[in-house]
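I set out these notebook entries as I went through the structure. They follow the order in which I looked things up.

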Amino acid sequence: MSGIFKSSIGRKIAMALSAFFLMFFILQHFAINILSVINPDTFNEVSHFMGTNPLVQFALQPILIFGVIFHFTMGFILEFKNKSSRSVNYAKNNGNANSTWVSRNMIYSGGFILVFLIIHFIDFWIPELNIKYVIGDSSGLLQDGSGYRYFEELQHKFIPLWRVVLYCIGFVFLSLHLLHGFNSAFQSVGANNKYTQSLKGFGKAYAIVIPLGFIVIALFHYLNNLH
Amino acid sequence: MNLTLQIWRQENAQTKGKIVEYPIQDISPDMSFLEMLDILNRQLITNGDTPVAFDHDCREGICGSCSLYINGEAHGPDRRVTTCQLHMRKFKDGDTIFIEPFRADAFPVIKDLVVDRSAFDRIQHAGGFISVNTSGNTQDGNSIPISKHDADEAMDAATCIGCGACVASCKNSSAMLFVGAKVSQYALLPQGQIEAPDRVQNMVAQMDLEGFGNCTNTGACEVECPKGISLENIARMNLELIKSSIKS
């Protein structure tokens with residue numbers, strides 16, 4: 001079975017499997033973040049659970065980090081190999097006649113998402129690790145102890161306009177990436193059948209609704225901070 | 001019609017090629033694209049120049065010999081046709097037409113617009129066959145019941161003429177539509193089951209060895225394929241490889 005991943009198709013399947021995992025992660029991330037708009041108390045409770053649960057912290061989080069690194073690394077390796085399979089380019093190539101821009105430029109949308117993720121990690125993940133594992137405060141409470149800190153911290157992050165704009169751009173690229181990536185992942189694992197058309201519709205909806213939801217969350221907190 | 005042709009000229013695989021401009025006059029819209037090239041070649045020969053080398057054979061869309069990347073698309077702007085079935089009425093008087101060979105490192109240029117597509121033959125040799133009793137007691141194929149759906153799908157896959165438009169159109173020079181079609185045409189039929197696990201493994205291994213790129217599911221191959229081979233065949237090949245790998 002391990003031999004399959006040495007083949008071109010195997011690598012493609014591995015990309016798809018990591019994509020499935022990341023798409024599920026994005027969905028659950030959105031489900032938690034939207035709580036900050038609907039009910040801040042519930043958002044705090046769920047954030048504290050996710051931030052302190054050993055299964056999430058020491059099993060799922062490392063898998064997530066591995067998944068992210070694997071998806072990006074494999075994506076760049078495959079792109080490099082694919083580019084090198086045609087050393088002389090066409091003088092005239094009409095790519096728009098047979099494929100979408102997003103499908104041909106996954107490496108660029110993916111590259112922007114990587115930049116966004118690095119900023120996102122510096123913004124949220126590293127300070128969180130610092131509080132919990134360097135300072136050693138896993139209580140999740142504000143300094144005055146009046147409640148959980150997660151919602152306040154989230155709101156505070158969206159005060160600067162530049163960060164809101166950056167997040168919005170990041171999620172536009174995520175949307176573009178998913179517009180092709182969602183269905184491409186299913187095709188890669190061999191799922192092309194009578195359900196494909198419906199799946200394509202669902203994939204488009206997922207690729208638009210979820211990133212748009214993240215943008216709404218960022219704008220909601222930014223506008224809330226203005227008042 | 002008066003046209004300006006921008007044609008890739010390359011002496012052989014070792015030399016570097018370049019685009020050369022050729023004006024051509026009085027082309028009838030009823031001519032086929034290859035007839036237009038025949039006229040150009042007659043002019044070149046009359047003027048003492050070397051004619052443009054290009055592949056062709058049946059000139060009725062069956063053999064898969066003709067290739068050509070015309071104005072940025074494999075087999076030109078028309079759909080479900082090979083270059084030999086493309087007519088000049090698809091172009092306008094005064095047009096500039098770019099004519100290039102199918103480009104992929106696995107398809108090295110032999111001369112001008114002729115490329116070496118023997119990589120496809122080697123992939124076929126690796127597994128594109130079935131075991132048949134040829135002793136004289138061969139069982140009639142029709143004696144094995146096959147569902148209409150499977151027979152149709154297998155037949156659709158078998159219509160691949162191996163022209164290489166899929167490779168030429170793919171931004172990654174991937175041959176997966178071709179290999180997918182060849183795997184599918186046997187995978188769907190009972191006669192193809194004996195070698196099924198080895199077939200997909202061997203054909204994919206040979207495809208990788210030839211230096212084709214990896215499919216990223218842009219779908220360009222399906223759009224440009226003159227025989228309308230569907231992406232479903234690539235998905236089937238992927239699934240066949242997964243099944244075969246689990247079994248082994």
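**Confidence**

I began with chain B of this predicted model: its average pLDDT is 96, and 100% of the residues score at least 70. I then looked up the scores for the complex, for which the predictor gives an ipTM of 0.95 and a pTM of 0.95.

**Chain B on its own**

I next listed the secondary structure of chain B, which comes to eight helices and seven strands. For the extent of the chain, I took the box filled by the C-alpha atoms of chain B along the principal axes, and I noted roughly 60 × 35 × 35 Å.

I checked burial over the 248 residues of chain B and recorded 47% as buried. I also looked at sequence separation in the contacts of chain B: among those between residues at least 6 apart in sequence, 70% join residues at least 24 apart.

**The contact with chain A**

I turned to the contact between the chains, which takes 40 residues from chain B and 35 residues from chain A. Which elements of chain B each supply at least two residues of the side that touches chain A? I found strand E5 (96-100), helix H6 (196-209), helix H7 (220-224) and helix H8 (232-247). H8(B) gives the most to this side of chain B, with nine residues.

Key
Residues numbered from 1 in each chain as written. Chains lettered and ligands numbered in written order. Predicted model: local features only at pLDDT ≥ 70, side-chain atom pairs only at ≥ 80, totals over all residues. Helix = DSSP H or I, 4+ residues; strand = E, 2+ residues; numbered from the N terminus. Buried ≥ 20, exposed ≤ 12 C-beta atoms within 10 Å, placed from the backbone. Contact = placed C-beta atoms within 7 Å. pLDDT = per-residue confidence, 0-100.
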